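Subject: Structure handover and notes

Hello,

Here is the structure for you to look through. Please open it first, then read the notes below.

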Amino acid sequence: MEATENIDAALRALADQNRRAILRVIRSGPQPVGAVAETVGLSQQTTSHHLRTLHKAGLAALSTDRTRHLYAVNTDGLAAVRS
């Protein structure tokens, strides 16, 4: 049941075009929220919300560098969706 819930959460996250755009930005490597927001043309607050959703769905990995939150694509999360 848990695997089904994880896949459902990932598919719901991918249904939003802003989140798909964010994934395209962070697939090249860890990016700070501000840089992602600037690239996709959203506010930092909105981008943070979308990144949290992607992280909770297992599609984005979060790391910190001092005070910066860096996000990158979680390839394990995408593999679950593919299968």
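How are helix 3 and helix 4 set relative to each other, roughly parallel or roughly perpendicular? They are roughly perpendicular, a class that covers angles of 65 to 115 degrees. Their packing angle is about 105°, and the axes lie 9 Å apart. Axes here are lines fitted to C-alpha atoms, for helices over the stretch in contact, and angles run from 0 to 180 degrees between N-to-C directions. On the helix 3 side, Val-33, Gly-34, Val-36, Ala-37 and Val-40 make the contact (heavy atoms within 4.5 Å). On the helix 4 side, the partners are Gln-44, Thr-47, Ser-48 and Leu-51.

Two points before you go on. This is a predicted model, in which local features need pLDDT of at least 70, side-chain atom pairs count only at pLDDT 80 or more, and totals for chains, interfaces and linings use all residues. Residues are numbered from 1 along each chain as its sequence is written, and side-chain values use heavy atoms, with hydrogens and water left out.

The overall layout

The protein has 5 helices and 3 strands. Helices (H or I, at least four residues) and strands (E, at least two) are DSSP runs, numbered from the N terminus. Their order along the sequence is α-α-β-α-α-β-β-α. Of the 83 residues, 30% count as buried (under 20% relative accessible area; exposed is over 50%, partly exposed in between; 1.4 Å probe, protein chains only). Take the contacts between residues at least 6 apart in sequence: 48% of them join residues at least 24 apart.

The core

In soluble globular proteins, nonpolar side chains tend to be buried together. The largest nonpolar core here has 16 residues. Such a core is a set of buried Ala, Val, Leu, Ile, Met, Phe, Trp, Tyr and Cys residues joined through side-chain atoms within 4.5 Å. Leu-23, Ile-26, Leu-51, Leu-54, Leu-59 and Tyr-71 have the most contacts inside it. Two or more residues each come from helix 1 (2-14), helix 2 (17-26), helix 3 (33-40), helix 4 (44-56) and strand 3 (68-73). Helix 2 gives the most, with 4 residues.

Look at Ile-26. Beyond its neighbours within four places in sequence, Ile-26 touches Gln-31, Val-36, Leu-51, Ala-60, Tyr-71, Ala-72 and Val-73.

Helix 2 against helix 3

These two helices pack at about 120°, with axes 10 Å apart. From helix 2, Ala-21, Ile-22, Val-25 and Ile-26 meet Val-36, Thr-39 and Val-40 of helix 3.

Start with Thr-47, in helix 4. Thr-47 counts as buried, because its relative accessibility is 0%. Its contacts, leaving aside neighbours within four places in sequence, are Ile-22, Val-33, Val-36, Ala-37, Val-40 and Leu-42.

Next is Arg-20, in helix 2. Arg-20 has 34% relative accessibility, so it counts as partly exposed. Arg-20 and His-50 are 30 residues apart in sequence, yet 9.7 Å apart in space, C-alpha to C-alpha.

Last, go to Arg-66, in the loop between strand 2 (60-65) and strand 3. Arg-66 is exposed, with a relative accessible area of 81%. Its phi is near 60°, a positive value in a residue other than glycine.

Best wishes

Terms used:
Angles under 35 degrees count as roughly parallel, over 145 as roughly antiparallel, 65 to 115 as roughly perpendicular and the rest as oblique.
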